[in-house]
Amino acid sequence: YLVAFREYLTQLHRLSKMASPMIADAAAADANGGDGGDNNTNNDGIIRLTTTNNILKTAMSLPIERYITNFCSELPAPPPGSFEVQTTILDSVISIWSPPNNMPIAWVSLPFSHLFQCLDVDNVLKVWTALALERQVLVTSTQLSLLTTCCEILLSLLFPMKWAHAYIPVLPHFLVPILSAPMPFLCGIEKRYLSDTMADLADECIVVDLDKNQVSLGVKTPPLPTLPKYVYNRLRSNVETNAGHVYREARSLRKDDDTSEMGVHLPAEVKFIADSMWESRLSLFDEAFMLTFTPEERRKNLLNGDDGSGVNTNGNDPNEVVRIMTLSAKQNLRSQSTWDAVQEAFLETYCFLLQKYRKFLVFPSKANEGSYGGAGFRSQEFLASQRADVRAFLEEMVGSQMFDDFVTKRLYGSGEADISFFDTAVDRFVKNQSLLGRVAASSRNASNGAGSENQATGPGKRIRNLFANRGGGGSNAG
């Protein structure tokens with residue numbers, strides 16, 4: 001709703017600056033049988049309010065507050081589910097949609113790209129690790145609008161966990177002393193107050209500077225245990241593939257430019273241009289009428305699930321296809337958006353870390369009323385069953401309040417949508433891992449001469465051979 005409202009205000013601002021000839025042209029078009037502003041509903045569940053010409057004919061003849069009241073109080077709010085409300089003003093089609101109540105993952109209709117414009121992939125992963133292990137994190141920026149957006153997106157990447165501690169994305173200055181409390185928190189503060197805040201910050205606090213792409217650990221911050229190298233590399237590769245370009249594009253950098261350590265390895269002239277580009281873009285985030293935030297810009301992979309990525313367009317412009325596509329068509333044609341893939345990369349990491357967790361759940365029963373108080377999680381046995389290179393990370397995660405809440409919900413509310421979804425994701429992950437292991441074993445056997453002489457080679461053909469061997473009734477060697 002806030003995104004749609006912001007776009008509406010932007011278009012009203014544009015409308016107020018337009019010259020009268022355009023109003024006359026709109027009136028003439030209306031006299032020749034143009035759209036008179038009727039509402040209509042089609043079978044796709046979209047209610048369209050065609051208001052363009054009506055607004056043009058009376059452009060700003062009413063107080064601007066009247067238009068805002070119309071949008072806020074008179075446009076029908078869609079019920080949760082498949083209905084979508086559209087209203088048109090100038091060349092902008094503004095859509096309002098409410099996700100179903102029982103979605104397993106909370107719908108984050110926020111510009112994910114803002115986080116990845118501010119922080120490169122390595123720093124996003126560092127902040128995610130700090131939050132997953134319940135550390136103290138303070139986010140700062142000169143742009144207040146970035147604080148809430150980036151904090152909300154970071155929390156969405158913790159699924160299936162839910163942040164269980166203090167969360168104040170825009171911390172008022174008079175509440176700064178709470179940052180000295182010995183507890184995990186995620187707070188945001190305007191950068192002009194940062195120097196005054198330092199006296200109240202605990203030595204363990206991690207400060208994230210969105211303006212400078214900088215993550216600073218406190219002088220007494222306990223070391224962050226790392227994920228196993230192969231898990232971290234896979235997570236980083238998936239996020240880099242889908243979102244790594246966003247940071248570089250915001251600074252007009254090329255893919256092979258070394259942006260590590262705040263760009264100190266870049267040539268001086270390249271770094272100067274990159275910094276200038278970012279500063280000019282950064283200064284616009286808090287603009288009340290940010291004219292770059294138009295529908296065309298919004299469709300460039302800004303919103304989760306509201307872009308052209310993942311849509312089969314048959315060679316046409318994906319942004320244009322999505323703009324004119326009905327809601328049901330969007331749902332049928334979409335395979336996966338860029339930002340869905342980013343969320344899935346973090347979900348896959350949790351699936352790896354917790355793939356065996358259900359074996360160590362102690363469900364409430366009279367037989368379990370001894371050591372576990374009737375229900376619980378056998379954390380020590382769970383940790384003992386893990387690989388040595390992941391044990392340190394899991395030990396901190398299993399001891400967190402988020403994990404305790406997760407286990408409690410799993411024991412007493414296993415039928416809820418988010419729990420069922422995560423268990424299904426774990427099952428699929430384990431199945432895929434098992435399949436990949438069998439493919440690798442089949443490949444090794446083939447290379448050692450254990451397979452048939454006429455077996456095909458190559459990754460894709462080895463997979464086909466694997467399924468052929470499974471369905472061959474035992475007639476294949478190896």
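The model is predicted: local features need pLDDT of at least 70, side-chain atom pairs count only at pLDDT 80 or more, and totals for chains, interfaces and linings use all residues. Residues are numbered from 1 along each chain as its sequence is written, and side-chain values use heavy atoms, with hydrogens and water left out.

Start with the sheet. Helices (H or I, at least four residues) and strands (E, at least two) are DSSP runs, numbered from the N terminus. Strands of a sheet pair through backbone hydrogen bonds, either parallel or antiparallel. Here, two strands pair if DSSP finds at least two bridges between them. The open sheet has 5 strands in the order 6-7-5-8-9, and its pairing is mixed. Strand 6 (166-168) and strand 9 (214-216) stand at the edges with a single partner strand each, so one side of each has no neighbour in the sheet. From one strand to the next, the twist averages 20°. Axes are lines fitted to C-alpha atoms, for helices over the stretch in contact, and angles run from 0 to 180 degrees between N-to-C directions.

Now look at strand 5 (residues 136-141). It runs parallel to strand 7 (residues 185-190), joined by 6 bridges. T140 stands opposite I189 there, and V139 has G188 as its bridge partner in strand 7. Strand 8 (residues 206-209) also runs parallel to strand 5, with 4 bridges between them. On that side, V139 stands opposite V208.

How many residues of strand 5 are buried? The count is 6 of 6. Buried means under 20% relative accessible area, exposed over 50%, partly exposed in between (1.4 Å probe, protein chains only). Both faces are covered: Q136, L138 and T140 lie on one side, and V137, V139 and S141 on the other.

Next come the helices. Helix 6 lies across strands 5, 7, 8 and 9, at about 35° to strand 9. Helix 7 (residues 144-156) packs on the sheet and touches strands 5, 6 and 7. Contact means heavy atoms within 4.5 Å. The direction of helix 7 makes about 165° with that of strand 7.

Helix 6 (residues 121-132) also packs against helix 9 (residues 229-249), at about 125°, with the axes 10 Å apart. The two helices are therefore oblique to each other. Angles under 35 degrees count as roughly parallel, over 145 as roughly antiparallel, 65 to 115 as roughly perpendicular and the rest as oblique. V121, D122, L125 and W128 in helix 6 meet residues of helix 9, including Y232 and L235.
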